[in-house]
Amino acid sequence: MINMQRLISSIIKEGKILIRDKEALMILFIMPVIFVVIMSLAMRDTFKSEEGALLGIALYNQDQGEVGKKIVEAISALKIVQVYSLSNEKSVDEEAVKRDFAEGKYKFAFIIPPDVTGSAEDKVAEKFEGSKEGGAEKIRVRLLADPTLRSDHVNLVSSALNRILQSVESAILMKRLKVVFAEIGLETALSSGEGTNDDRIFSEVTLSSDGSGSGESMPSSVQQSVPAYSLFAMFFLVIPLSGTFIKERMEGSLLRLKSMPVPSWIPIVGKIVPYFIVNQIQIFIIFMVGIFIMPLIGGDRLDIGNSPLGIVLVTFASSIAAIGYGLMVAVFCRTSEQATTFGGVSVIILAAIGGIMVPKFIMPPLMQSMAELSPLSWGLEGFLDIFVRNGNVTDIIPELSMLLTFGLICLSIAIIRFRFILR
């Protein structure tokens, strides 16, 4: 009973210290919200999977015939690009395109050379006539891409354009076949399927929106940013937590504890409770921003899945891991400068390798393997299991186990070190 009263007094004391510095407390709430808003809007198109333009492509159509028009129509129908049609009469060369890239007008340019229609029809005629003279040389169209683009975006666009060219080629062949069949009296055989073939040529240009190629659903930018920077804010508590601990040591509070019959775990637990509450408030605010504010400013709405209990459990486990890590850093650092430098830098490193600042699906395989070493990655995967993969409590047990184990180990080390300091 006495220890419980001491524990409550310790919690109240830590709460007063935390609330006293209102500016620092507000930063803990405002900083992650700013990160979420900026990163969600900045990376919206990178994560975007629904209908909408993702990449700008300039079309240089120098062909005045039917083939050039069909290519332009098919590219304009793609849902992954925003098309900038340039004047057919404008003289286009690669230097002009490079200047446009340097100015940031668009990311791709697709150049259709003059008289593609005539050349394509001649090629088809050569095939039907059995001529081999022009078979080696193919009609060349050019796709130019900004060198700063991700390789998967380049592959996505080039694959789509290749499909379009194949479809246009099929249309030309079918047109030629119709003429040949008409000459031998078989026009009726083709007429029944002509409309279907024409419809199928351009409607079949469909692309997978999953940039990872793994078959898993990709999170939206908000689903990535909200849990990522919530976890970052949780672990960033290492700085104020260790700062107050070191300040107490320098002011002689630990010396007074030596003269009092207070178990060493009471001051530690007394620090856990107020910061645990701060973590829950952080999560609540950031989630409300993702659900209600982001759609109002042009972002996606946060979809939190179907397991509220799972979200609560991941939040609690992540908070225990973050506070445990903060206390462990606090008891080993001797000055506030050490705590601020080591605590802040270590959290940033853990966030960088854990998929917080750069999503893991963008990382190379080696970095993805290294991410499994970061507790922030465990928390993020737990949230994504619920948000994106429609998981439940059973699916997040591995992440919960690792977070709780990490947190309890850090807390145990902190208590042992604290006992050593008191002695």
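Leaving aside neighbours within four places in sequence, phenylalanine 406 is in contact (heavy atoms within 4.5 Å) with Phe235, Ala321, Tyr325, Pro375 and Trp378. Phenylalanine 406 is found in helix α17; helices here are DSSP runs of H or I with at least four residues, strands are runs of E with at least two, and both are numbered from the N terminus. The model is predicted, so local features need pLDDT of at least 70 and side-chain atom pairs count only at pLDDT 80 or more, while totals for chains, interfaces and linings use all residues. Residues are numbered from 1 along each chain as its sequence is written, and side-chain values use heavy atoms, with hydrogens and water left out.

Not counting residues up to four places away in sequence, phenylalanine 235 touches Ser318, Ala321, Ala322, Tyr325, Val347, Pro375, Leu376 and Phe406. Phenylalanine 235 is buried, with a relative accessible area of 0%; buried means under 20% relative accessible area, exposed over 50%, and partly exposed in between, with a 1.4 Å probe and protein chains only. The structure holds twelve aromatic pairs, where rings of Phe, Tyr and Trp (its six-membered ring) pair if their centres lie within 6.5 Å, and planes under 30 degrees apart count as stacked, over 60 as edge-to-face and the rest as tilted. Phenylalanine 235 and tyrosine 325 form a tilted pair, with 6.5 Å from centre to centre and 50° between the planes. This pair links distant parts of the chain, since phenylalanine 235 is in helix α9 and tyrosine 325 in helix α13, 90 residues apart. Tyrosine 325 also counts as buried, at 8% relative accessibility. Elsewhere, ring pairs link Phe35, Tyr229, Phe232 and Phe236 into a cluster.

Phe235 and Tyr325 also belong to the largest nonpolar core. A nonpolar core is a set of buried Ala, Val, Leu, Ile, Met, Phe, Trp, Tyr and Cys residues joined through side-chain atoms within 4.5 Å. Of the 47 residues in this core, Phe232, Phe235, Phe287, Tyr325, Ile356, Phe383 and Phe387 touch the most other members. The elements that give two or more residues to the core are α2 (22–42), α9 (221–235), α10 (238–251), α12, α13, α14, α16 and α17. Apart from it lies another core, of 22 residues, among them Val72, Val81, Phe108 and Val157.

Val72 is also one of the buried residues of helix α4 (residues 66–76), together with Val67, Gly68, Ile71, Ala74 and Ile75. They cover an arc of only 165° around the axis, which puts them on the same side of α4; the arc is that of the directions from the helix axis to the C-beta atoms.

Serine 318 is found in helix α13 (residues 308–332) and is buried, with a relative accessible area of 0%. A polar atom of the serine 318 side chain lies 2.8 Å from the backbone oxygen of valine 314. Leaving aside neighbours within four places in sequence, serine 318 is in contact with Leu231, Met234, Phe235, Gly379 and Leu403.

The structure holds six salt bridges, each a side-chain nitrogen of Lys or Arg within 4 Å of a carboxyl oxygen of Asp or Glu. Glutamate 14 forms a salt bridge with lysine 271, the closest N and O atoms being 2.8 Å apart. Glutamate 14 lies in helix α1 (residues 2–20) and lysine 271 in helix α12 (residues 265–293), so the pair ties together parts that are 257 residues apart in sequence. At 2% relative accessibility, glutamate 14 counts as buried, and lysine 271 is buried with a value of 2%.

Another salt bridge joins the side chains of glutamate 381 and lysine 360 (3.1 Å, N to O). Glutamate 381 is in helix α16 and lysine 360 in the loop between α14 (336–353) and α15 (365–371), 21 residues apart. The side chains of glutamate 381 and arginine 389 also meet in a salt bridge (3.3 Å, N to O). Glutamate 381 counts as buried at 16% relative accessibility, whereas arginine 389 is partly exposed at 38%. Salt bridges that share partners join Lys360, Glu372, Glu381, Asp385 and Arg389 into one network.

Conventions
A polar contact is a pair of N or O atoms within 3.5 Å; within protein, one must be able to donate a hydrogen and the other to accept it, and residues adjacent in sequence count only if both atoms are side-chain atoms.
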